[in-house]
Amino acid sequence: MTKIELYNYTGDFAENKDIAKDLRINCIEPNIVNDSVQLDFNNITSATQSFIHALISNVIRINGVDVLDRLYFKNCNDQIKTIINIVVDYVQDGIFIDPEDM
Amino acid sequence: MPDLIYIKCPGFPVILRIFVYMKIHIPNSAFIGNIESFLNHFNPDNETELYVTSNQSWISIHPLVVSMVVALAEEVNLKGGVITGENFNAKSRPYLLRMGLVKALNPNHGILIDEHESSGRFIPARKIETSQQLNQFITDMVPLLHTTPEQAYPIKYVMSELVRNVLEHSNSPFGAIVSAQYFAKSNRISIGVADRGIGIKAAMSASYATASDLDAILLAMRPGITGTTKKIGGTEYNAGAGLFFTKSIAKVSRDFFLVYSGDAFFKLHKTNVAKPVKLFANPNLDKANAKSLLPYWQGTAVGIDISMDINQDFQELLELIRQAYQLDVKRANNVKYKKPKFV
């Protein structure tokens, strides 16, 4: 399992989408194909939806929803859990729902 | 030099020459609720000559107005233009100095003030052009406003989302101008972010054709709508949820929120304390005021008030946002959504 300590990159407020994108491209995507990845939010007090989106949305889109079985979110407080849930849900909306049906 | 309009009047031997200035007047009071007091005296013609007047008794204005005025000054200076106007009255000068407005309008003002005055819980107008500057700004900002960590969450959140919108979508020539202030009497933090970029309608146009600035503003506030794609959920980098989250934070705070772009604004009104807060993905369902045919604002300006009396914690607010998001999509019953694995 690949473990990523996000605090080392973001500080206690995870909002920088450029950092999220770099982590996704360089740390998550190369490892999630044949392995599992653990995103550790230890010491992070809050995160924006934009950050979480840039971090994981494309991982789910490219690899399919089953990738969520190999992607672990560790040490998330309730705020961060809620934001992750929002992003994971709407990314799946994008996969399962035809825009014409909206 | 200002633009010249030449008018030939039939029967008159001379040609009339009229100087066209961009004009602003800073009234004694301009907050989101009465922002019209500022907009009614804003003439956006000619972006190289700015003429500024102000109320001569006292002035108290929302950071939105501070950011807008400083953004105009920044643009005029970038274009090598001229800023002229009346001197600010002595009563209002210290306040306008502290908010960074005097410096923006006249960098060589030479006026000195006591920088340690106790009433100062504010963030003077600041220009943010890069992601790194935004990071630093958020770090610097919170201690200056003297909030608790819990109160700081929505402030940091709003600032991040609004400024990133500017940096990513606006093509503003100088990034974003931001300012903020704590108002003790109403116990709220007010934030203003302004740019002089392409505006929401142009930013949305790559993916959505909208008939007017107002249509574009209303569309941009729907969750999942971004100018970068028509796909549900956005692109790998943009979800199109920043304005929806920001509006929701204002609504849960039962306070004002305003988006002004082009010739239109959307103004979310305060929510009655006796009523439960309901979040809507569709801004047309909000108790709000949407206006068109206003003086043209090139770019986008956003103002928000966040009450520090807010009873709901930020986590509950996010849960409300999540529910509103879910109600906006029609999910098929036979599709099982996967849940993230929290360990």
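Mentor: Start with a definition: within protein, a polar contact is a pair of N or O atoms within 3.5 Å, where one must be able to donate a hydrogen and the other to accept it. Keep in mind that this is a predicted model.

Trainee: What makes the pair of B:Thr300 and B:Ser261 a polar contact?

Mentor: Their side chains come to 3.4 Å, and the cut-off is 3.5 Å. The pair therefore counts as a polar contact.

Trainee: Where does B:Thr300 lie, and is B:Thr300 buried or exposed?

Mentor: B:Thr300 is part of strand β14 (residues 297-307) of chain B. Its relative accessibility is 11%, and buried means under 20%, so B:Thr300 is called buried.

Trainee: Which residues does B:Thr300 touch, leaving out those up to four places away in sequence?

Mentor: Among them are B:Val193, B:Ala194, B:Asp195, B:Val259 and B:Ser261. B:Val193 and B:Ala194 are also touched by B:Ala176.

Trainee: How far apart are B:Ala176 and B:Thr300 in sequence and in space?

Mentor: They are 124 residues apart in sequence, while their C-alpha atoms are 9.6 Å apart. B:Ala176 sits in strand β9 (residues 176-183) of chain B.

Trainee: Why is B:Ala176 called buried?

Mentor: Its relative accessible area is 0%, and the limit for buried is under 20%, so the word applies. Its contacts include B:Ile128, B:Val163 and B:Val166.

Trainee: How do you know that the span of helix α5 of chain B is close to the expected one?

Mentor: The helix covers residues 131-145, which is 15 residues. Just after α5(B), B:His146 has a positive phi of about 55 degrees.

Trainee: Which residues of α5(B) are buried?

Mentor: They are B:Ser131, B:Leu134, B:Phe137, B:Ile138, B:Met141, B:Val142 and B:Leu145. An α-helix has 3.6 residues a turn, so residues three or four places apart point the same way.

Trainee: What do the buried residues of α5(B) pack against?

Mentor: From chain A, β2 (13-14) and α2 (17-32); from chain B, β8 (122-128), α6 (149-170), β9 and β10 (188-194).

Trainee: Which residues touch the most other members of the largest nonpolar core?

Mentor: That core has 94 residues, and the ones in question are A:Leu39, A:Phe41, A:Leu55, A:Ile56, B:Ile191 and B:Phe257. The element that gives the most to this core is α6(B), with nine residues. A second, separate core has 44 residues, including B:Ile35 and B:Tyr95.

Trainee: How many residues of chain A are in contact with chain B?

Mentor: 50 residues of chain A are in contact with 43 residues of chain B. The two chains bury about 4,200 Å² between them, and 57% of that is on carbon and sulfur atoms. There are seven salt bridges between the chains.

Trainee: What makes B:Arg322 and A:Asp89 a salt bridge?

Mentor: The closest N and O atoms are 3.8 Å apart, and the definition asks for a side-chain nitrogen of Lys or Arg within 4 Å of a carboxyl oxygen of Asp or Glu. The pair therefore qualifies.

Trainee: Why do you say that this pair joins two chains?

Mentor: Because B:Arg322 lies in helix α10 (residues 314-327) of chain B and A:Asp89 in helix α4 of chain A.

Trainee: Is A:Asp89 buried or exposed?

Mentor: A:Asp89 has a relative accessible area of 3%; with buried set at under 20%, A:Asp89 is therefore buried. A:Asp89 also forms a salt bridge with B:Lys339, with closest N and O atoms 3.9 Å apart.

Trainee: Why is B:Lys339 called partly exposed?

Mentor: Its relative accessible area is 47%. Buried means under 20% and exposed over 50%, so B:Lys339 falls in between and is partly exposed.

Trainee: Which residues are linked with A:Asp89 in a network of salt bridges?

Mentor: B:Glu319, B:Arg322 and B:Lys339 are linked with A:Asp89 in that network.

Key. Residues numbered from 1 in each chain as written. Chains lettered and ligands numbered in written order. Predicted model: local features only at pLDDT ≥ 70, side-chain atom pairs only at ≥ 80, totals over all residues. Heavy atoms only, no water. Helix = DSSP H or I, 4+ residues; strand = E, 2+ residues; numbered from the N terminus. Buried < 20%, exposed > 50% of the residue type's maximum accessible area, 1.4 Å probe, protein only. Contact = heavy atoms within 4.5 Å. Expected span 1.5 Å × (residues − 1). Core = buried A, V, L, I, M, F, W, Y, C linked by side-chain atoms within 4.5 Å. Buried area = accessible area lost by both parts, 1.4 Å probe.
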